[in-house]
Every structure is written in C-alpha cells, then in structure tokens.
Amino acid sequence: AVYRALFAEDHREPVRCDALLGLLTADPKQSIGLVGPVLGKGSPRLQGVAADYLRETADEKTVLAFASALPRVSVPGQVLLLGVFAARQTTAVRPTVIRALDSKESQVRVAAARALASLGDVACISRLLTLATGTDDLAKQANASLQRLAAPGIDAALLAEARNGSADRRAQCVDVLTARRAEEAAPALMVYAKATDKKLSGSACKGLALLAKADDLPALVGLLVSAEGKTMRRDTAKATLAVARRSPAGSARTTALLAALPTASPAAQVEIVGVLGELGGDGAFAAVLDRLTTGGKPLRDAALRAFGAWPDASPAEVLLKLAKTEADPVRQVLALRGCVRGLGQPG
C-alpha cells in the first residue's frame, strides 16, 4: 500500500521509480498491469526500471505475455522490450521479433535486427542479408547481427546462400563469413577468388588473407600465377603474403613462391618478387638478386623495391653498389633509400 501511494503521479520521479520497483518485487502477479502502462506512456526513466525488471527478475510467462502485447506498446517501450528479449535470449519470442522488422518505426526495426543477433537462427539469414544491403542504420545493424549470430549451422547456411545467390549476394556472404572468422569457408573462398566479378573476387581474397592456413600457400600461389588482371594479382599477392607471415618462419613459407617464379608471367613475377621482399630468406634473396638485372624494367624495379623492403640487412651492400653505379636517378634514389633502411635492420 505504501508503494502504491508513492507511485502516484504527484510524487517526484526518483520516488516513483523506487516505488515501481517495490511494487514489482512485492507482488509479481501485478507486473503486467503495472509495466504495460509504463512501457506505453511512462517516462524514459520509469521505462528503464520496468525493462530492468523484465530483463532480470520477471518469469518466462510474463515475458511471453509482453511479447504478445509488443505492437500495442509505445515506440520507446517496444525498443526496450526488444532489448529485454535479446538479453534473456528467449527464443520463443523469435517470431515476434521477426515481425517487428516490418514495423513502420525505424527505431523498432533497428532494435529488432539487433535482437536477432542473439535470438536469430539459420531461417533469419536470408532476411538479414536482404536488410543489410542498404546504407541506413537498419542495414548496418543487420550486418552486425549477421556477424554475431551464434545459433548452430550459421556458417554452413551462409555458404549455402553464397552458392545459390547472385555475385553480389555471394560477395556479401563472403564478407560476413570473413568477419565471423569462419575457417570452414576457406575452400569456397579459393573458388570465389577466381570469379570474373571483381567485387566477389576481391572479397574472397580478403577473406583468404584472414582464414587460409599455411597448408593453403601452394594453392594461393597458384591463384596468383593464374590471376587475370592487375587488381586480382594484387589481391591474391596480399592474401599470399598475409598467410605466409602467419606461417612458421623459415624457407618453407617461400617454397611455393620460388617454385612458381621461373614459369610465371612477367606480371605475376612482379607480384611474387614483391611478396618475397617482405618475407626474406636466402632462397628469396638469390631469386630477387637475379631479377635485379634481368628481365623487363617492371621486374627489375620490383626487385629493387623488394630489396628496399627486406626484413634484414642482407641487401644493403647490393643496394649501395647500385646507388653508386645506377644511371637512372629514380632507381638510384630507391637504391640509396633501401640501403639506408637496410642498415637499420638486424644483421
């Protein structure tokens, strides 16, 4: 009775908030009658008290009752309730949350997409992918929820969506799988990296840079050698370098690159030499040194830049000699710059 009196509208809001909490704690049976009006037209502070009660204390039956009443609650109340459903991970309210994606209110749609991060399953993937194609807040939240979905089979379902979708949908799925660090996607990404669609190919290469393993290096080098177009070669080279850097140090991580170098096209050799320059090693040193003076100008320049990026001081003497004898002023500057950098490296 004291709480009821203090909950009257003529009291200050902090008092009413504590009185509401007292009423809900003293008599949980009246929670629906109390919380409903508060979520409908109460102040943000009172709504927060009601939402905290539903999130932390209310029983499952009460939460499900509010799920049924969701469309009749005020917009701020709906947003709070959707947050409650997500926090409690009450999967029984999933259909209610999915219906909220069609709300006329953007705040409610965004809150529903956010709730699906913890409540969604494989059946929600297609809908979220469609919502994520825009640039508004709903699209951003749908994409974030796709990355966080924790239900079983999500990664496999995303791969299935990619297989059956357009090039744009495949690229979208690849981006989500990459963000989810889904290692099982690596074989599919190897296939998509060969796609003629530049967006899909680029997304697949970015994914491989994160998800491929040392055992995949020969296949990545094969992609680099067979790549058509400068962009694809550059993307596959970046992926190859990223995976090689994660591999155990030693000659093994350059074996596939050195094996492919002699028969690769001049354009592919340029990219391979660039990767070798970042990795270093005795075998790589000999190969890059050979191309410093042979082949076309692009390959010679690539070898010079590779020595300039070398991870130790091995090329310093070679670069110093080149800086003294090179007639081309640009190459002379690159050689001198590389020599100075190399003298600051280990060895």
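These are my notebook entries on a predicted model of a protein chain.

**Ground rules.** Side-chain values use heavy atoms, with hydrogens and water left out.

**Overall form.** I looked up the secondary structure and found 22 helices and 0 strands, where helices (H or I, at least four residues) and strands (E, at least two) are DSSP runs numbered from the N terminus. The radius of gyration of the protein chain is 30 Å, whereas a compact globule of 347 residues would have one near 20 Å; the radius is taken over C-alpha atoms, and the globule rule is 2.2 Å times the number of residues to the power 0.38. Along its principal axes the C-alpha trace spans about 95 × 45 × 30 Å.

Among contacts (heavy atoms within 4.5 Å) with a separation of 6 or more, 62% are between residues 24 or more positions apart.

**Largest pocket.** I then turned to the largest pocket, which holds about 440 Å³ of space. On a 1 Å grid over the protein atoms alone, a pocket is an open set of points where a 1.4 Å probe fits, with protein on both sides within 12 Å along at least five of seven lines, and lining residues have an atom within 4 Å of a point. Grid points are joined across faces, edges and corners, and the volume is the space filled by probe spheres set on the points. Of the 19 lining residues, Arg 234, Val 270, Glu 271, Gly 274 and Val 275 are the closest to the centre. Helices α16 (230–246), α18 (266–279) and α20 (297–308) each give two or more residues to the lining, and α18 provides the largest share, with 7 residues. By class the lining has 9 nonpolar, 2 polar and 8 charged residues, where Ala, Val, Leu, Ile, Met, Phe, Trp, Tyr, Cys and Pro count as nonpolar, Asp, Glu, Lys and Arg as charged, and the others, Gly among them, as polar.

Phe 85 sits in helix α6 and is buried, with a relative accessible area of 0%. Leaving aside residues up to four places away in sequence, I find Phe 85 touching Val 63, Phe 66, Ala 67, Thr 90, Val 93, Val 97 and Leu 119. The C-alpha atoms of Phe 85 and Leu 64, 21 residues apart along the chain, are separated by 9.1 Å. Gln 89 belongs to the loop between α6 (75–88) and α7 (94–100) and is exposed, at 51% relative accessible area.

**Backbone angles.** Most residues other than glycine have a negative phi. Gln 89 has a positive phi near 55 degrees, and Arg 181, in the loop between α12 and α13, also has a positive phi near 55 degrees.

Asn 143 lies in α10 (residues 137–148) and is partly exposed, with a relative accessible area of 27%. Beyond residues up to four places away in sequence, Asn 143 touches Ala 132 and Val 176. In α11 (residues 154–164) the buried residues are Ile 154, Asp 155, Ala 157, Leu 158, Leu 159 and Ala 162, and their cover includes α9 (125–131), α12 (167–179) and α13 (186–192).

**Helix α19.** My last entry is Gly 283, which is in α19 (residues 282–291) and counts as partly exposed at 40% relative accessibility. Gly 283 and Leu 258 are 25 residues apart in sequence and 7.6 Å apart in space, C-alpha to C-alpha.

How values were computed:
Residues numbered from 1 in each chain as written. Predicted model: local features only at pLDDT ≥ 70, side-chain atom pairs only at ≥ 80, totals over all residues. Buried < 20%, exposed > 50% of the residue type's maximum accessible area, 1.4 Å probe, protein only.
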